Amino acid sequence: MSYVITSRCVGTKDQSCIEVCPVDCIHDAGEQLIIDPAECVDCDACRPVCPADAIFFEKDVPAEEAGSIAAARQRFGVADPH
Ligand code: SF4
Ligand code: SF4
């Protein structure tokens with residue numbers, strides 16, 4: 001489990017999340033930012049500072065944003081545990 005940035009980041013990308021992440025696991029992925037699931041320590045620092053409410057703990061990601069979980073895993077080569 002890790003935190004996940006959904007497509008709500010697209011068009012905002014203000015990087016508030018990057019500033020508060022203690023392990024620097026949030027990266028620019030072009031249209032939006034993306035969290036490395038292997039590095040995220042589930043500290044919840046990023047979620048409340050996001051002005052777009054784009055960040056969720058993995059199990060709380062809305063169904064229509066499930067693709068964001070798969071995209072992050074694929075990008076960072078993390079195996080899908082499901
Ligand atoms: S704080 Fe939210 S909107 Fe801003 S870059 Fe991070 S995920 Fe995107
Ligand atoms: S939950 Fe913590 S470690 Fe994970 S991306 Fe957000 S700020 Fe970084």
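Which residues come nearest to ligand 1? In this predicted model, 13 residues lie around ligand 1, and those that come nearest are C9, D14, Q15, C17 and C50. By residue type, the shell of ligand 1 is made up of 8 nonpolar, 3 polar and 2 charged residues. Ligand 2 has 14 residues around it, with C21, C40, V41, C43 and C46 the closest. Its shell splits into 12 nonpolar and 2 charged residues, with no polar ones.

The largest nonpolar core holds 15 residues, and C17 and C46 belong to the group that touches the most other members, together with Y3, I5, I26, I35 and I55. Strands β1, β3 and β4 are the elements that each give two or more residues to this core.

Beyond its neighbours within four places in sequence, I5 is in contact with C17, I26, Q32, L33, I34, I35, A54, I55 and S68. I26 has its own set of partners: setting aside residues up to four places away in sequence, I26 touches I5, C17, I18, C21, L33, I34, I35 and C46.

Q32, one of the contacts of I5, is found in the loop between β2 (26-28) and β3. Apart from neighbours within four places in sequence, Q32 is in contact with I5, T6, S7, C9, V10, K13 and H27. Among these, C9 is also one of the residues nearest to ligand 1.

The partners are Y3 and F57, whose rings are tilted, with 5.3 Å from centre to centre and 50° between the planes. Y3 belongs to strand β1 and F57 to strand β4 (residues 55-57), so this pair ties together parts that are 54 residues apart in sequence. Both Y3 and F57 are buried.

Helix α2 (residues 66-75) also has an inward side. Its buried residues are S68, I69, A72 and R73. Viewed down the axis of α2, these residues fall within an arc of 130°, so they line one face of the helix. The buried residues of α2 pack against β1 (3-5) and β3 (33-35), and S68 in particular is in contact with I5. Just after the helix, G77 takes a positive phi of about 65°.

Two further backbone positions deserve a look. Most residues other than glycine have a negative phi. D24, although not a glycine, has a positive phi of about 50°; this residue lies in the loop between α1 (16-20) and β2 and is exposed, with a relative accessible area of 58%. D53 likewise has a positive phi, near 50°. This second aspartate lies in the loop between β3 and β4 and is exposed, its relative accessible area being 51%.

Definitions and conventions:
Residues are numbered from 1 along each chain as its sequence is written. Chains are lettered from A and ligands numbered from 1 in the order in which they are written. This is a predicted model: local features need pLDDT of at least 70, side-chain atom pairs count only at pLDDT 80 or more; totals for chains, interfaces and linings use all residues. Side-chain values use heavy atoms; hydrogens and water are left out. Buried means under 20% relative accessible area, exposed over 50%, partly exposed in between (1.4 Å probe, protein chains only). Helices (H or I, at least four residues) and strands (E, at least two) are DSSP runs, numbered from the N terminus. The arc is that of the directions from the helix axis to the C-beta atoms. Contact means heavy atoms within 4.5 Å. Rings of Phe, Tyr and Trp (its six-membered ring) pair if their centres lie within 6.5 Å; planes under 30 degrees apart count as stacked, over 60 as edge-to-face and the rest as tilted. A residue is near a molecule or strand if one of its heavy atoms lies within 4 Å of it. Ala, Val, Leu, Ile, Met, Phe, Trp, Tyr, Cys and Pro count as nonpolar, Asp, Glu, Lys and Arg as charged, and the others, Gly among them, as polar. A nonpolar core is a set of buried Ala, Val, Leu, Ile, Met, Phe, Trp, Tyr and Cys residues joined through side-chain atoms within 4.5 Å.
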